[in-house]
Amino acid sequence: MIGILWDNFDYAVSVLLFLIGLYCVIAKNNLIKKFMGLNIMETSVFAFIVALGVVKGGSAPIMEPGARPPFINPIPQALILTGIVVAVSTTALALSLIVRVWRQCGTIEADELRELE
Amino acid sequence: MKRALVIVLLAIVAMPLLAAMAAMPRFGSAEQPAYTHVAKRYLERGVEEAGAENVVTGVILNYRGFDTNGEVTVIFTACAAVIAVLAGSRNRQDQREAASSVPESLVVRYVVRLLAPFIALFALYVVLFGEVSPGGGFQGGTVFGALLIVMTVAVSRNQAERLLPLRIRPWLQIAGPLSFLAVGTAGVVLTGWYLGFPQGATAATRLMLMVLEFGIGVGGATVIASIFWRLGDEA
Amino acid sequence: MEAVDVRVLLAPAISFACSGLVFLMGRNVFWRRFWSLGAASLKFVVVLSMLPAALAGKTLVWNLIEFTPGIGIAFRADALGMFFALVSSALWLITTVYAIGYMEPEHAKVRFFGFFALCVSTTVGVAFAENLLTLFVFYETLTICTYPLVIHEETPEALRAGRKYLAYTLSGGACILLGAALTYQVAGTLTLSKPGIVPASADVRTLAVLFATLIAGFGVKAAVMPLHGWLPSAMVAPTPVSALLHAVAVVKVGAFGVLRVVYNIFGVELLKRLGFALPLAYLAAFTIIAGSVAALFQDNLKRRLAYSTVSQLSYIVLGAALLTPASASAAVAHIANQAFAKITMFFAAGAIQRTTGKTQVHELGGIGKQMPLTMAAFTVASLSFVGMPLTGGFITKWYLSVGAFESGMWWFALIMVASSLLNAAYWLPIVYLAFLKGPQEVAAAPREAKPSLLVPTVACAVWVLVLGTTSDVPGMPFALARAAVEFVFKM
Amino acid sequence: MWWQWPHWLPLAVLVPLGGGVVTPAVARGSARRAWGWAAGVSAATVAVSLALVIRVARGGPFSYAFGGWQPPYGIEFRFDEVSAFAFVVAFLGALAIVFSRQYAPHALAEPRVPYYYTLLLLDIAGLIGFSVTGDLFNMYVFMEIVSLTGYALVAISGERIAEMAAFKYLVLGAVSSLLALFGIGMLYGVTGTLNIADAASRLGAAASTMPVIVAVALLVLGFMVKAALFPLHVWLPDAHAIAPSPVSAVLSGLVVKLGLVGMLRLYGVVYASRAVDLSSLNWLLTWLGAVSIVMGAFFAIFQDDIKMMLAYSTISNIGYIVMGFGLASQYALVGAAVHIFNHALIKSALFLAAGAIIYQTGYRRLSDLRGVGRGMPLTAAALSVGAVSIVGIPPTAGFLCKWYIALGAFEAKRAAFGFALVFGALFIFVYYIRMVNAFYFQEPVHADVTHVGDPPLSMLVPVWILAALCLIMGLAGKVPLTFVAPAVSRLLGPLGG
């Protein structure tokens with residue numbers, strides 16, 4: 001299996017990134033760090049989907065005169081553009097929540113917040 | 001202790017994921033289903049059908065235009081959400097003072113002022129040439145939004161805000177969804193389908209794509225700047 | 001022979017509408033009484049008007065709404081249902097009169113009379129249910145509607161009793177729901193219009209589970225031991241409610257459900273072959289004896305009545321479980337016999353409590369001199385329970401004993417004898433105490449309860465005698481019971 | 001041509017979406033104007049979605065291809081029986097907006113009110129979009145619109161706990177969205193298409209089932225976090241209890257259902273393709289459903305806060321539905337699907353009534369609210385009707401699900417789950433009876449509670465519409481049951497179920 005996995009090395013890397021992000025979300029105490037973990041997870045999923053579109057030796061799918069196939073798959077790129085916007089939006093909201101929590105509670109450490117409750 | 005547990009848990013999660021990855025179609029292969037099914041048609045006939053040389057743009061705005069309609073809604077949602085969460089927590093008087101008390105560096109300030117028109121021009125370029133080269137409305141809008149942020153930080157917030165007048169700002173924030181609604185309705189009139197474009201690279205198609213690109217760009221830039229200012233008010 | 005007739009729907013609908021009107025206009029004393037009494041009378045008349053058709057062997061039906069595909073709320077007035085509906089609507093009328101008098105000093109009367117009417121509406125709904133699901137719908141609604149009545153006093157004790165009541169009866173309801181689902185799975189229908197729907201070909205273990213669930217479900221309300229725990233606690237309710245719970249609505253609905261399960265879901269033949277009824281018969285016999293023994297040790301009059309109810313209800317269950325025509329007649333007839341006798345006693349107990357404030361048995365010395373009519377009614381009811389000829393109770397005991405011999409299990413007749421002795425042991429001392437003993441200083445002048453309490457009490461007692469003497473007169477309730485039995489045994 | 005039926009389909013999403021985004025611009029800071037606009041938009045949404053439901057009832061499922069690109073090349077909207085959820089969304093959303101007329105200015109800081117309506121309308125748009133879309137990635141986009149608006153609406157009251165609850169909700173919600181997106185990406189990698197129907201037909205030809213299994217697992221996990229199935233429910237109680245009451249109604253009634261509707265879509269793909277055997281997943285779901293019923297009820301018993309109690313009861317009810325999914329027989333699935341609708345009605349009725357009570361009295365603990373049945377007779381009566389309904393007392397709406405899932409449990413030869421379901425419901429009754437006792441039968445703690453009076457009509461009318469529906473939908477249960485049945489038959493069809 002390891003051998004086969006080596007062929008799909010790029011996908012495996014995104015799984016590892018995903019898990020690293022998940023680790024941060026679960027184990028980190030600081031809300032911003034937690035959220036950075038989430039961003040890592042987002043990135044890993046985006047990387048995975050973009051990697052789905054790769055074709056060896058392919059070029060960007062821009063059909064200018066002189067461009068020659070193979071072109072890489074445009075769909076994952078289009079999807080991920082949307083995905084990135086979603087991620088940005090989530091980040092903006094999360095940060096504003098963290099700012100509010102910090103203003104009201106004076107801390108953004110999860111354990112201290114739990115004590116405050 | 002907790003960390004060890006988490007790591008064990010993640011290791012367990014990792015197994016099936018990695019196994020699945022190993023069994024995915026070969027990375028980079030031209031025979032994988034992702035490449036031979038829907039994408040094939042996009043690549044073969046995308047230019048004439050969708051009216052954009054950059055097939056990614058064609059996919060974003062034409063084939064899967066409705067996704068992008070959702071996307072611009074999401075980003076406006078984020079803007080509305082941030083405003084809703086932060087609105088009315090402090091009055092504006094404090095904010096002005098807080099904004100003007102940022103220490104300024106003369107050098108940075110002049111450099112920013114000098115570069116601002118060029119950055120704006122570049123943003124415009126990215127928007128306009130999104131059809132034929134890497135780029136597009138959102139990318140351009142982000143560049144412009146970044147410019148507004150830089151100006152806020154380095155020059156003055158008032159000056160940056162003047163670029164997006166408060167009276168029409170609610171409309172600028174929704175430029176993205178509005179342009180999609182407009183173009184979508186135009187599509188209904190022209191082709192009978194929401195977000196339908198006339199076949200091929202006609203003038204109408206170009207115009208509609210351009211309206212979308214600009215809508216996305218203006219909306220994106222405004223939203224990014226608005227969120228930044230809102231967060232600045234609060235901090 | 002079936003005929004579509006709106007009266008089958010009207011019977012439950014009248015009291016439903018009445019409850020709505022009471023909730024809307026009940027703050028005014030006149031309208032509250034007007035609607036309660038008016039609806040009760042109207043309903044009784046409606047049910048009574050269906051009697052000739054039922055006696056002539058005609059079954060009236062009305063399909064109200066098909067609320068899940070294939071099964072819906074449908075009404076069907078067969079002989080058994082008519083019998084039960086007649087008893088409950090007659091008793092509702094009487095109890096309403098009594099309740100108006102009894103509840104005068106109480107609080108929250110709008111709530112009381114509103115839910116009171118709802119209870120009867122659902123009871124008649126159970127009686128006329130065409131299928132098991134309709135029956136279940138009304139059964140559960142009844143549980144909910146009686147809750148505000150049980151905890152009417154709003155004391156912590158009442159709330160505790162209410163919780164206990166709900167815990168028992170809702171668990172019972174859950175069993176019935178499962179049983180109904182299983183029945184549907186096994187039989188593909190839930191109708192109660194046939195003498196048995198469960199196919200004999202089904203797996204015996206499944207059928208055993210089905211029988212156990214359904215009987216446990218209905219057994220809770222029928223207070224078959226060991227599922228009787230809620231009944232004595234529910235005594236905290238006002239007397240008309242106790243009367244309603246014990247004589248008309250709740251417990252009878254349980255007993256009626258047992259009859260339906262035995263006769264219309266399984267059918268006599270299948271049950272005979274499977275032999276499931278025998279354990280039920282043993283359980284009923286045990287309850288008859290144990291309930292009576294428990295009643296012996298109660299000093300609170302209402303609690304004694306409660307345990308007596310536990311014991312008496314199992315007559316019905318036993319009659320059903322013996323699976324012979326005679327015992328079935330006894331079971332059906334006992335719905336009325338027990339109801340009228342027991343309600344007489346409750347009315348008497350309530351009248352005593354309202355007039356003299358006495359609630360314990362040992363306080364009742366000489367009460368018969370003070371309230372002769374009330375206690376005379378009480379005496380008649382006691383004799384009915386003991387099984388004196390000419391009272392309703394005798395009819396039951398007679399036919400049950402005949403049924404026991406018919407089925408070849410003669411020892412159940414001994415249970416009847418033992419129960420009679422026990423009944424005598426805990427009722428007759430009260431009569432003795434009331435009339436023949438007691439402090440001499442009690443005021444010589446009789447001081448009866450007010451008419452609205454006294455008249456219903458006496459009327460019920462008279463009816464107990466009527467029931468006991470007219471079992472062979474055509475057109476009287478017992479004929480209806482016979483008709484029901486004939487259908488079940490395909491005679 | 002464009003006026004024909006399918007062309008109404010995008011309107012169901014575009015009306016609330018367009019109406020939502022322009023709300024702040026139209027309102028220009030006035031709460032009244034914002035309310036009027038939002039109410040109008042939601043009324044139009046109700047009209048459009050009702051027309052669609054009528055159409056699907058008459059002529060079966062139909063679809064709309066955006067931009068004229070026929071699937072799988074473009075994005076497809078497909079309106080089938082499950083999509084009728086869109087109508088429930090529009091309807092309940094409209095009632096929540098009507099309810100907010102006096103509630104929102106009372107509960108929120110003035111400048112937030114127009115954005116509150118924006119977020120509500122966008123939430124509605126997202127939910128409708130999610131339930132009608134026939135495209136996997138489009139589903140993700142709408143899911144994110146719903147989630148983002150949900151996070152913001154929880155935090156909008158501006159209380160400290162609200163923001164922390166919203167953050168917890170956000171983190172778990174975002175993780176679950178990513179799990180789902182990962183799954184969608186894998187399905188795309190295996191099939192090369194994002195169209196649900198197309199994916200279903202191509203999945204069987206997948207070279208290897210391992211990625212499909214993991215993708216399904218990821219999607220299920222993601223959806224179950226959204227649906228708050230025990231033990232993935234940790235975000236729910238705080239978020240639903242602390243949000244403003246109309247928002248709680250929308251979140252509990254509608255937003256958690258997103259995961260369940262998503263599950264039905266996923267089943268549509270997997271059952272049709274027969275690519276993987278779901279029996280072990282279904283086994284797990286049945287168990288988790290049962291545990292969810294019991295644990296939800298168990299936690300609810302210890303709550304004194306009325307909204308907290310209602311929030312935990314949502315977990316129990318999700319358990320019903322998931323158990324129905326897991327049993328995977330015709331009856332069970334029909335019951336579960338109908339309960340998606342009915343629970344939405346019931347729980348909204350409960351939350352709105354609770355909101356009205358909190359608005360009038362200022363108390364939210366049961367111990368403080370004793371005697372409120374005398375003070376607010378109509379509201380408390382509506383709440384009691386809802387309570388009876390959610391416990392599943394016939395003939396109310398909540399009963400249908402119990403009856404059908406019990407039938408389904410026997411049909412699937414897993415009778416034990418029928419027992420678990422029915423007795424779990426009893427457990428639930430324990431805490432609702434506490435509520436009813438407190439309202440009607442216990443001595444008031446605060447004298448003012450007994451004469452506060454019923455709330456303004458803008459609150460009372462929605463509450464009673466919903467309470468009446470709890471009864472009507474029970475009696476008219478045949479309508480939704482027969483309506484959903486063809487969809488379930490189609491779903492199970494290839495299995496011969």
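Helix H4 of chain B is mostly covered, with 9 of its 9 residues buried. A residue is termed buried if 20 or more other C-beta atoms lie within 10 Å of its own, exposed if 12 or fewer do, and partly exposed in between, with C-beta atoms placed from the backbone. The buried residues of H4(B) include Val55(B), Val56(B), Ile60(B), Leu61(B) and Tyr63(B). Helices (H or I, at least four residues) and strands (E, at least two) are DSSP runs, numbered from the N terminus.

The model is predicted: local features need pLDDT of at least 70, side-chain atom pairs count only at pLDDT 80 or more, and totals for chains, interfaces and linings use all residues. Residues are numbered from 1 along each chain as its sequence is written, while chains are lettered from A and ligands numbered from 1 in the order in which they are written.

Helix H4 (55-63) also belongs to the elements of chain B that each supply at least two residues of the side touching chain D. The contact between these chains takes 47 residues from chain B and 52 residues from chain D, two residues being in contact if their C-beta atoms, placed from the backbone, lie within 7 Å. Besides H4(B), the contributing elements include helix H1 (2-23), helix H3 (38-50) and helix H11 (175-191) of chain B. The largest share of the side of chain B that touches chain D comes from H5(B), with 15 residues. By class, this side has 31 nonpolar, 12 polar and 4 charged residues. Here Ala, Val, Leu, Ile, Met, Phe, Trp, Tyr, Cys and Pro count as nonpolar, Asp, Glu, Lys and Arg as charged, and the others, Gly among them, as polar.

Chain A likewise touches chain D, through a contact of 25 residues from chain A and 22 residues from chain D. Helix H3 (31-52) and helix H4 (74-105) of chain A each supply at least two residues of the side of chain A concerned, and H4(A) gives the most, with 14 residues. The residues on this side of chain A divide into 17 nonpolar, 5 polar and 3 charged.

The secondary structure of chain A comes to 5 helices and 0 strands. The radius of gyration of chain A is 19 Å, well over the 13 Å that the globule rule gives for 117 residues, so the chain is more spread out than a compact globule. The radius of gyration is taken over C-alpha atoms, and the globule rule is 2.2 Å times the number of residues to the power 0.38. Along the principal axes, the C-alpha atoms of chain A fill a box of roughly 65 × 40 × 15 Å. Of the 117 residues of chain A, 48% count as buried. Among the contacts in chain A with a separation of 6 or more, 46% are between residues 24 or more positions apart.

Chain D has 20 helices and 2 strands. Its radius of gyration is 21 Å, close to the 23 Å that the globule rule gives for 497 residues, so chain D is as compact as a globular protein of that length. The C-alpha trace of chain D spans about 70 × 55 × 40 Å along its principal axes. Of the 497 residues of chain D, 73% count as buried. Residues 24 or more positions apart account for 81% of the contacts in chain D with a separation of 6 or more.

Chain C contains an open sheet of 3 strands in the order E1-E2-E3, with mixed pairing. Two strands pair if DSSP finds at least two bridges between them. The edge strands, E1 (2-4) and E3 (71-77) of chain C, each pair on one side only. Strand E2 (residues 59-68) of chain C runs antiparallel to E3(C) and is joined to E3(C) by 6 bridges. Trp62(C) stands opposite Phe75(C) in E3(C).

Most residues other than glycine have a negative phi, and most peptide bonds are trans. Arg28(D), which is not a glycine, has a positive phi of about 45°; Arg28(D) lies in the loop between helix H1 (9-27) and helix H2 (31-59) of chain D and is exposed, with 11 other C-beta atoms within 10 Å. Phi of Ala328(D) is also positive, near 55°, but Ala328(D) counts as buried, with 27 C-beta neighbours inside 10 Å. A cis peptide bond joins Met225(C) and Pro226(C), with omega about 5°. The peptide bond from Pro71(D) to Pro72(D) is cis as well, with omega near 5°.
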